[in-house]
Amino acid sequence: MDRTLTSFIAALRNADVRVSTAETLDALSAVELVGYGDRELLKNTLSLMLPKTVDEKDAFEVTFDRFFTFEDVDGSTDAGDAGTGEDGQGDGDGGAEGGEGGAGTGAGNRKSKGRFRAAATEDQEDESLGPGEMVSPRSELGILLMMDSRIELTVRMADAARAVNLEQIQVFTQKGLYTRRIMDEMGLPDLQREINELRFSGALPERRLSQELQKRRERLREQVRDYVERQFLLHADASGRRLREQLLRRVKLSNVEHRNFRLIQEVVLKMAKKLVALYSRRKKVFRRGQLHVPRTLRRNMAYDGNIFDLHWKSVKIDRPKVFAICDVSGSVANYARFMLMFLYSLEEVMPRVRAFAFSSDLAEVTELFERNGIEDAIAKTLRDYGGGSTDYGQAFEDFRHKCLDDVDNRTTIIILGDARNNYGEPRAEILKEMYDRAKRVLWLNPEPRTTWNVGDAEMRRYVAYVHQAEECNSLLHLERIVGNLLRTVQ
Amino acid sequence: MPIVLPKQGASVNLASFSAIQGHRVAETAVNIERVTESVEALKTGFEAHRYICSDQISTAVYLAYHLRKPVLIEGPPGVGKTELAKTAATMLGLPLIRLQCYEGLDEAKAIYEWKYGKQLLYTQVLKETLEEVLQGARGFAESVSRLHEFGDIFFSEEFLEPRPLLKALREEDGCVLLIDEVDKSDHEFESLLLEILSDFQVSIPEIGTVKANREPPMVFLTSNNTREISDALKRRCLHLYIPFPDADLEQRIIHARVPEIPPELRRQLVTFIQELRDLDLKKVPAISETIDWARTLLLLHTETLDPDLVRDTLNVILKFQEDIENVDVEVPVLTNKAVKT
């Protein structure tokens with residue numbers, strides 16, 4: 001019982017539901033209380049104990065249904081398989097004997113030959129225990145197959161799966177491999193040898209057994225494949241995804257294919273959530289030793305003015321005020337997309353982000369983000385301001401004109417761009433003005449450091465007037481930079 | 001000095017009172033045992049108190065009672081989170097102790113505080129008797145050691161003002177503790193709750209650890225999800241999410257809460273509300289709004305919904321002018337849908 005629950009929890013963890021050890025123990029005691037008898041009750045119980053957010057509850061639903069139904073599904077598909085198999089044999093050339101149940105149902109509409117064979121099968125089944133027309137199998141798996149006990153087989157299959165570490169399956173191409181390994185583990189080679197020996201022995205009972213074993217082997221293979229498939233869905237589907245997510249964090253953002261946008265968005269959200277959790281506490285700085293006289297007097301009025309409850313001066317640390325200036329010209333647009341996505345996902349810790357986009361002229365897009373969802377806003381920004389050739393000089397000029405006055409000593413300015421100015425006027429003096437006013441100016445350049453000063457890039461000039469210039473072309477870089485940003489402000 | 005001593009008779013009264021209470025307690029205990037026997041029993045129990053709940057909810061209360069675990073209830077406002085705790089309290093016949101959370105709530109308001117005023121008063125009063133206490137004591141050291149003999153009188157139970165959390169722990173026969181809107185409090189307060197939630201105890205530096213009495217309180221926490229509750233807190237709780245009910249459940253809820261309303265109108269208004277929840281609104285109507293609306297319609301002697309009436313009463317279910325304006329256009333269509341289906 002415990003094993004069922006722990007493997008269910010492993011599957012849950014795979015589906016991105018975080019379950020701690022303490023919660024596992026709690027769940028165990030809860031299950032002890034309600035038991036496994038009532039499926040609905042069990043589901044309700046576990047969904048109270050294990051998933052702790054709405055998203056996790058959804059994931060839980062899916063995993064629970066997948067995990068706890070498979071015993072029933074197993075039975076029904078098996079019965080179905082067996083049924084169709086027997087029908088096929090009944091209508092076919094009669095080369096194979098009918099199965100255990102088919103003998104009864106199919107007998108009516110079978111030809112005499114078929115009926116004879118069915119009867120023969122029945123005989124054989126009786127006799128497979130003792131001496132008779134069909135010899136009893138010798139190999140372990142053969143015996144198991146002829147015993148025809150589904151429970152025994154399933155148990156054996158589960159054991160074999162455990163022995164070959166099925167839960168470590170990662171990608172779907174491994175399904176075939178694991179199917180074969182499980183079959184081998186269950187004793188397929190011995191069975192194979194036996195079947196071959198039997199087929200070439202002259203006696204009828206032996207050949208009959210060989211055919212019967214072959215048929216049952218195929219059915220078993222089918223079952224094992226199903227089993228692997230289900231285990232794959234439970235254990236590997238998510239870990240395969242996790243693998244991809246890991247890769248996406250490292251990959252250059254301009255190389256991300258369109259079909260991966262959704263996934264990368266999820267990754268961005270996840271990373272943002274982590275940062276939010278880390279920095280959502282608004283810290284206070286206590287100026288130790290500085291008495292807050294008014295407050296102390298107020299608080300101690302109740303005690304007849306006797307001052308024994310002292311209050312000290314403290315300052316709540318301001319959340320960062322961020323201005324993001326993004327180059328959205330063709331070469332950098334993709335980076336801008338993800339940076340904006342990242343910044344706006346951090347709304348909870350950075351409520352005051354103002355975004356500007358430019359290729360030649362600069363415009364504020366903050367409002368777009370306020371009114372639309374992140375995705376729409378980004379799409380609109382890229383549509384309206386994207387493309388065209390970059391002119392950093394003009395963009396800085398526009399920035400100075402529009403909102404340099406809003407920049408104060410609490411503002412952090414992040415500029416995202418490759419500084420490729422098409423040999424135009426760089427206007428670095430405006431950047432210097434910004435540098436003087438703002439708390440911090442960060443320049444994120446998607447190009448590798450070695451090419452910063454090659455060709456029409458003006459990075460050399462700009463670098464003088466920023467506090468920090470960083471190479472930034474993957475989510476990992478982005479996460480580190482934004483994390484640093486939050487850390488230095490707090 | 002007017003120090004009032006308890007009179008002789010008071011203790012007798014107290015004894016007889018506790019006897020009565022003892023009887024009542026036994027009755028309650030039996031009642032609780034019966035109600036919490038199974039998930040089904042709980043569900044019918046809730047229904048008897050006009051709280052219609054899903055299996056999930058009754059399972060949560062069942063587990064909370066048997067595993068002695070707090071329940072963290074999340075969900076949109078107005079789906080009956082607070083009501084669940086209140087109903088549980090009346091159903092189990094336990095007192096309800098409620099702690100409303102807000103920004104800046106601290107331990108002085110949630111757990112305990114010293115009665116500073118009383119302490120001051122007593123020191124003033126005792127000033128005069130100081131002479132007696134220190135009688136014959138020579139030198140500073142001797143006086144201090146003499147004072148030490150009296151222990152920490154001023155920081156004893158007598159001077160302790162219990163706040164909701166401490167009160168709940170000290171309740172003899174258990175109680176229902178409702179910590180409402182825990183998301184409104186600060187992070188610091190959440191950490192403060194951890195001890196009481198996992199071990200049913202609080203630590204008071206001057207006195208020591210106060211443990212819950214025989215029956216630990218049954219704790220409900222509610223949250224509107226205005227911010228993430230910390231993992232540490234979530235880990236200690238059962239997590240119950242109450243979503244908006246489906247049409248069937250909502251009809252039953254209305255039936256339980258406003259039994260006078262005719263079934264046809266009930267069906268119509270629930271259908272209408274359900275449709276409304278699919279629209280893009282700033283604040284979608286919750287169950288409490290549906291109930292209010294049902295009462296309003298009842299008051300207006302309505303037989304069936306019609307667009308004009310809906311328009312006039314829209315402000316009962318929608319709380320933003322913007323929403324009302326948006327829905328106003330759709331009213332005929334929605335009403336039609338609700339009446340016809």
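This is a predicted model: local features need pLDDT of at least 70, side-chain atom pairs count only at pLDDT 80 or more; totals for chains, interfaces and linings use all residues.
## Overview of chain A

Chain A contains 20 helices and eight strands, and 34% of its 490 residues count as buried. Among the contacts in chain A with a separation of 6 or more, 69% are between residues 24 or more positions apart.

## Helix H2 of chain A

Helix H2 of chain A covers residues 21-34, and its 14 residues reach 20 Å from the first C-alpha to the last, close to the 20 Å expected at 1.5 Å a residue. Within H2(A), the residues Asp26(A), Ala27(A) and Ala30(A) are buried. Because the buried residues fall within an arc of 100° when H2(A) is seen down its axis, they line one face of the helix. An α-helix has 3.6 residues a turn, so residues three or four places apart point the same way.

The buried residues of H2(A) pack against partners from both chains, namely helix H1 (2-14) and helix H3 (39-49) of chain A together with helix H3 (55-67) of chain B. On the face of H2(A) turned away from the buried side are the exposed residues Thr21(A), Leu25(A) and Glu32(A). Just after H2(A), Gly35(A) takes a positive phi of about 80°.

## The contact between the chains

The contact takes 22 residues from chain A and 19 residues from chain B. On the side of chain A that touches chain B, H2, H3 and helix H4 (54-91) of chain A each supply at least two residues, and H3(A) gives the most, with six residues. The residues on this side of chain A divide into 11 nonpolar, five polar and six charged.

## The parallel sheet of chain B

In chain B, five strands form an open sheet in the order E2-E5-E8-E1-E9, with parallel pairing. Strand E2 (96-100) and strand E9 (238-241) of chain B stand at the edges, and each has a single partner strand, so one side of each is left without a neighbour in the sheet. The twist from one strand to the next averages 20°.

H3(B) lies across strand E1 (71-74), strand E8 (218-223) and E9 of chain B, running at about 160° to E9(B), while helix H4 (residues 81-92) of chain B lies across E1, E2, E5 and E8 of chain B and runs at about 170° to E5(B). The helix H3(B) is also one of the elements against which the buried residues of H2(A) pack.

## The mixed sheet of chain A

In chain A, six strands form an open sheet in the order E5-E4-E3-E6-E7-E8, and the pairing is mixed. Its edges are strand E5 (362-364) and strand E8 (468-471) of chain A, each with a single partner strand, so one side of each is left without a neighbour in the sheet. Neighbouring strands of this sheet are turned against each other by 20° on average, direction ignored.

Strand E4 (residues 352-358) of chain A pairs with E5(A) in the antiparallel sense over three bridges, and the bridge partner of Ala357(A) in E5(A) is Ala363(A). Helix H14 (residues 333-345) of chain A lies across strand E3 (321-327), E4 and strand E6 (411-416) of chain A, where it runs at about 165° to E3(A).

Note on methods:
Residues are numbered from 1 along each chain as its sequence is written. Chains are lettered from A and ligands numbered from 1 in the order in which they are written. Helices (H or I, at least four residues) and strands (E, at least two) are DSSP runs, numbered from the N terminus. The expected span of a helix is 1.5 Å times one less than its number of residues. A residue is buried if 20 or more other C-beta atoms lie within 10 Å of its own, exposed if 12 or fewer, and partly exposed in between; C-beta atoms are placed from the backbone. The arc is that of the directions from the helix axis to the C-beta atoms. Two residues are in contact if their C-beta atoms, placed from the backbone, lie within 7 Å. Two strands pair if DSSP finds at least two bridges between them. Axes are lines fitted to C-alpha atoms, for helices over the stretch in contact, and angles run from 0 to 180 degrees between N-to-C directions. Ala, Val, Leu, Ile, Met, Phe, Trp, Tyr, Cys and Pro count as nonpolar, Asp, Glu, Lys and Arg as charged, and the others, Gly among them, as polar.
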